[in-house]
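Biologist: Please take a close look at one part of this model, the place where two of its chains meet. I would like one connected account of what lies there.

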Amino acid sequence: MHIIEDGNAAAALGVRLCRPQVIAAYPITPQTPVTEKLSEYVEEGSLSAQYIPVESEHSALAVCIAASSAGARVFTATSANGLLYMHEQVQWAAGARLPIVMCVVNRAVGAPWNIWNDQQDSISQRDTGWIQMYCADHQQILDTVIKAYWLAEKVSIPIMVCYDGYILSHTFMPFDLPEAGKVDAFLPPFQPDYALNPREPANLNTVTLPDVRVDVHGELAHGYMEIRYLLQEDLRLALAAAAEMERRFAGVFGRTADPYLEPYRCDDADFVAVGLGSLTYQLRVSVDALRAEGIRVGVMGVRFYRPFPDEAIANALKGKKSVIVFEKALSYGYEGALASDLKSALYEYLGGTGSLPTVQNFIAGIGGREIHTQELTDTLRAATQARVSKEPVWIGLKL
Amino acid sequence: MQQAKTTILSLPTGEFVHPGTRACTGCGLSIAYRVGLKALGPDTMLIVPPSCLTVLQGLFPVASTKLPCLNVTFASTAAAATGILATLKAQGNTHTTVAAWAGDGGTSDIGLQALSGAAERGDNFIYFCYDNEGYMNTGVQRSGTTPIGAITANTPFKGKLQQKKDVPAIMAAHHLSYVAACSAAYPLDLYDKILKCRDLPGTKYFHIHIPCPPGWGYDPRYGIKIGRLAVETGYYDLYEVVNGEFRLTAASEKLVEKRKLVPVREYFRSQSRFKVLTEEQIADIQKQIDDKWEGYYKKSD
Amino acid sequence: MGTRHYRRKTSHSEHGPGDGGRTGSWRVERPVFDRNLCIPCKRNKEACFICWLFCPEIVISRTIPPTVDLEYCKGCGICAEECPTKAITMVDEAKFAEEDKE
Amino acid sequence: MKKDYLEIRWHGRGGQGAITAAKVVAGAAFSSGFAGVVMAPTFGTERRGAPVMTSLKISKTKIYDLSPIEKPDIVVVLDHLLLKEADVTHGLKPGGIIVLNTPMAHETYHFKDFNLATADVTAISVEAGLPHGMVNTGIIGSLERAANLLGIDLLIERIEGEFRTRRPEKNALAARLAYERTATGG
């Protein structure tokens, strides 16, 4: 059934279809409507879950961590400083291998205070061991939430479903709301490897030594380093699991997609713009305009940012003259994190082949600065004509 | 209503803690924890933030406790209890007891926000603050509940200049069904209070005074004596607040009848941490104690 | 021998004794019972057991006579201090070491 | 609707329901076969009574550009006093339409390059039985009269759906009356 709702409602409806048992959240703009909706569903009885109004984001994730450890499917959502306040728990959830799904409604971080959209919040969490998926429209928000539960539970790794604050969260657009039966067919009930249980007591997340140690059965158990290595290994393996996720999703819902990338007019392109989230859809308009001018340009949305689909991206960009990375965040003191990741992937897979594309980096929309499509088009055109700068260039800066 | 008091002979013999823990020799927490778990029983889930108990609980892959336990981040203890409770509710489990055990730093300082949140929501679990009056696990630094005059690693020469934070009073202000102040030196009082509160609704808060040989500076063999001295001097009181009603218990209750307190000087002189307390300061504290007890006496008249 | 095939991927502990090792080696003094003074021993019935109640390491048995698990007893001396009849004496471990030699 | 792509900007006050009105029109457009419908409120620190804006894009095909409207075809103004507070015609295309809720006569206003449509939606809504100040359904009727977008029957059907728990008949009546009484031309 097609409906018109805002992006937060798309997320909430997706969550409801996944039947989480425990939801905990703390209000922060622009995330609030997601959790308000979920509290409505719980109170009206259309979702059978425990809704916990916590006293902080740190506690929101604490509730999810504990509830998940006890065997529940859980959900939370946050933005900006709320996510940063959770940071310790974000790391903890990954280390404990809990399949938590959290929507990050992307917003700029303070100081100074700013409630508008950029992606500094989630990008700053890229090294925490979570899977990060980015959405470009409402259908992707809803579908990604559903996929995220499947994947998180498959690989025992938590997932952030990231979507742009306001631009998606508060904008109304049509999308298809699937039937509950389809979601149930795609997503089996959560069956944890272990859930806290007095009949089978275990002590979870205890102090773990630098070296391996023998357990009570005489078997050699991991040290901290082995446990952390396995997280990294499983994150890398999650790339393959994501491909399976897309195949299964397509089988049930009939919507097929590449799990990692969303290319537009890239096949014959000499220049490819790359980005995360709704900006990549806006760039399609610029691409169409430049194509009309005869410039062979395409745009590629990166949907899966952690684990980084390095091989898929490098292969997709093979033979291109230039890659133009647009980002709403940066690794302060250097450049956009996505640009760095891309360079690294290109160097690894295309280095020495003589077909290494140049990489240019543009920073846009920081703190909700309006990104005019004409401005994007002009920037992209200029980048196809010459390398603009070694340093990341801020679009629309009025210094 | 009054249940029969547990005696040493009627205390269950089943143990939930294995011997051979990493706790310090003569650890007061070990005693309170051991007896506390007896009262909680086998159908219990534990939550523990970083603290001495984390070490006592054992290092991966060996656990000292025979109950399921979730180790959580320092500031999140009570919120984690909420999370486990929510899952139990979702699973229709109404029988399992959820109990958090945190130190005084994890309770009175970094964990206070989460504890206040859970208590305000009325989440049905028992929170134990074992108060050894400092960050003992990190090498004896001051906490919110370190008493005035105590030398710690970061109040090294003058001793702590501020008063001990009254956490049970803070928790009582959350309109809890049950707040108790206990001591490792009175394990049966702790045991009976746990049994008493188990079926009360909402959050139950226990504050347990825990003598700590390395943190307080005394020979381990005197741990119980010192814990008892804190009570007999009227310096630390055993009590409970049931649905807002305050009542002294056990040895503190008897002190009201006796109307004779051991001079607090004896308590201070039993531990090296108080060595910088002057006779004048001790006299001041003695006056505060006497005033407090005058109030108790008047109430009982 | 590595841990590649260990059944868990997380820090997941199962319970057992002696996480801290054979903590009896921490002991400087050993508790020794005088059965002539120990109340349950004297009366030959369940009584007192204060030593059992206050033992932090759970190494004193609630039996007649009470026994001490020297594998794990850390020798804190609380039992000796709390015994109402002074039936327990803390004896320098060095003395037992000499006895062992003999 | 004759065009394949149309942009409507709504000016109201916080709490007036401009977003709901735009949502009703968006829903009607989507159900009439416009695959691309994007309704974006102004983002930020809206407060009750303060001027707010909402933009609505309607297209035959999916819309990828979610950036704010720069050159609207139509502006809808829920309160005539906003004319003094906000530059409501900013970027309005020459020949574009202004739909204005005002108690003043149509002739009072003189917009050189634009087509004006007026109605006293405030009074009409009260007449329809709505509380004073509830103008967001009535204005939809005026918009339809001025722009001939989707048909008044469809819009009223969507209003009844959106307001099914909040006086659906009265809201529908307000839209119908405003549709009938909107003055256009000039």
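Modeller: Between chain C and chain B, 22 residue pairs are in polar contact, with both residues at pLDDT 80 or more; the model is a predicted one. On the side of chain C that touches chain B, at least two residues each come from β1 (12–15), α2 (50–54) and α3 (78–82). By residue type, that side of chain C consists of 19 nonpolar, twelve polar and eight charged residues.

Charged groups also pair across the boundary: four salt bridges are found at the interface of chain C and chain B. One of the residue pairs joined by a salt bridge is B:R22 with C:D19, whose side chains come to 2.7 Å, N to O.

As for extent, the contact involves 39 residues of chain C and 43 residues of chain B. The two chains bury about 3300 Å² between them, and carbon and sulfur atoms account for 58% of that area. Within chain C, the most area lost to chain B is at C:D19, C:L53 and C:I58, which together make up 21% of what that side buries.

Strand β2 of chain B, residues 62–63, pairs with β1 of chain C in the parallel sense, over two bridges. Within this pairing, B:A63 has C:H15 of β1(C) as its bridge partner. The strand β1 of chain C is also one of the elements that supply at least two residues to the side touching chain B.

Technical notes. Residues are numbered from 1 along each chain as its sequence is written. Chains are lettered from A and ligands numbered from 1 in the order in which they are written. This is a predicted model: local features need pLDDT of at least 70, side-chain atom pairs count only at pLDDT 80 or more; totals for chains, interfaces and linings use all residues. Side-chain values use heavy atoms; hydrogens and water are left out. Contact means heavy atoms within 4.5 Å. Buried area is the accessible area (1.4 Å probe) that two parts lose on being put together, summed over both. A polar contact is a pair of N or O atoms within 3.5 Å; within protein, one must be able to donate a hydrogen and the other to accept it, and residues adjacent in sequence count only if both atoms are side-chain atoms. Helices (H or I, at least four residues) and strands (E, at least two) are DSSP runs, numbered from the N terminus. Ala, Val, Leu, Ile, Met, Phe, Trp, Tyr, Cys and Pro count as nonpolar, Asp, Glu, Lys and Arg as charged, and the others, Gly among them, as polar. Two strands pair if DSSP finds at least two bridges between them.
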